[in-house]
Amino acid sequence: MKPDADGDGCTTPDEHLMRAGYALDGDDSCIADARRHAATFLDRASAEQHLPVSARAKDLTALVVSELVTNTRKYAPGPVLLELRITARAVEVTVWDSDPTMPAARAADPNRVGQHGLEIVKAVAEDFAVQRAPVGKRITALIPLADGPGRDF
C-alpha cells in the first residue's frame, strides 16, 4: 500500500495516477501524433481511473500539446519527448527538446501574424513552467480536468 499525505488510504489530489511518455520523431507528423497520444491518454484516464475529464480539458490539452510540439518542431532540431501525467484534478503536459534556448512570450502586438503559441499556452494553463534540463529544456503546462468557476478561457 502506498503511503498517503493524510493517512486515510486515499490518494492526494496532486498524486500522479497515470503517466505516459512518448518519443516523437520531430518530423511533420509528430504534431498530429502528439495530439493523438494526448487524446488516447485522457480517454484511458477517464476509463481506467474513472476521472471526470471534461470536453474543455480535452480541447485545451490538444491545444497545448499542439502549440508546445509545434514550437519545438520549429525551433529545436532533433527529437521531442512528450510526457503526460494526470492527477485527480489536472493533466500535466511536458515537452522536452534538446535546444537550451529558453522561450519567452512576446509582447502583445496586434499587427503580428503568428508566433502567439506561448502566449496561448500561458493563457489557458492553470500553471506554466520552463526548466533547464542537463540537455535542452522542459516546458510544462497544467490543465484542470473539470470545468469550474474562474475558468472562462
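Is His50 buried or exposed? Select His50 to find out. The model is predicted. His50 has 67% relative accessibility, so this residue counts as exposed, the cut-off being over 50%. His50 sits in the loop between helix 1 (30–49) and helix 2 (55–75). His50 and Ala88 are 38 residues apart along the chain, and 9.3 Å separates their C-alpha atoms.

Next, select strand 5, residues 137–144. This strand is mostly covered, with seven of its eight residues buried. Show strand 3 (residues 90–97) as well. Strand 3 and strand 5 pair antiparallel, over eight bridges. Look for Val95, which stands opposite Ile139 of strand 5.

Turn to strand 4, residues 127–132. Strand 4 also runs antiparallel to strand 5, and six bridges join the two. Here Asp127 stands opposite Leu142 of strand 5. Follow the hairpin of strand 4 and strand 5, where four residues lie between the strands. Stop at Gly136, which takes a positive phi near 80 degrees.

Now go to the largest nonpolar core, a set of 33 residues. Select Leu24, Phe41, Val64, Val69, Leu82, Ile86 and Val93, the residues with the most contacts inside this core. Strand 1 (18–24), helix 1, helix 2, strand 2 (80–86), strand 3, helix 3 (117–124) and strand 5 each supply at least two of the core's residues. Helix 1 gives the most, with seven.

Finish on Leu82. Leaving aside residues up to four places away in sequence, Leu82 touches several residues, among them Ala20, Leu24, Ala34, His37, Val65 and Val93.

Key:
Residues numbered from 1 in each chain as written. Predicted model: local features only at pLDDT ≥ 70, side-chain atom pairs only at ≥ 80, totals over all residues. Heavy atoms only, no water. Buried < 20%, exposed > 50% of the residue type's maximum accessible area, 1.4 Å probe, protein only. Pairing = 2+ DSSP bridges. Core = buried A, V, L, I, M, F, W, Y, C linked by side-chain atoms within 4.5 Å. Contact = heavy atoms within 4.5 Å.
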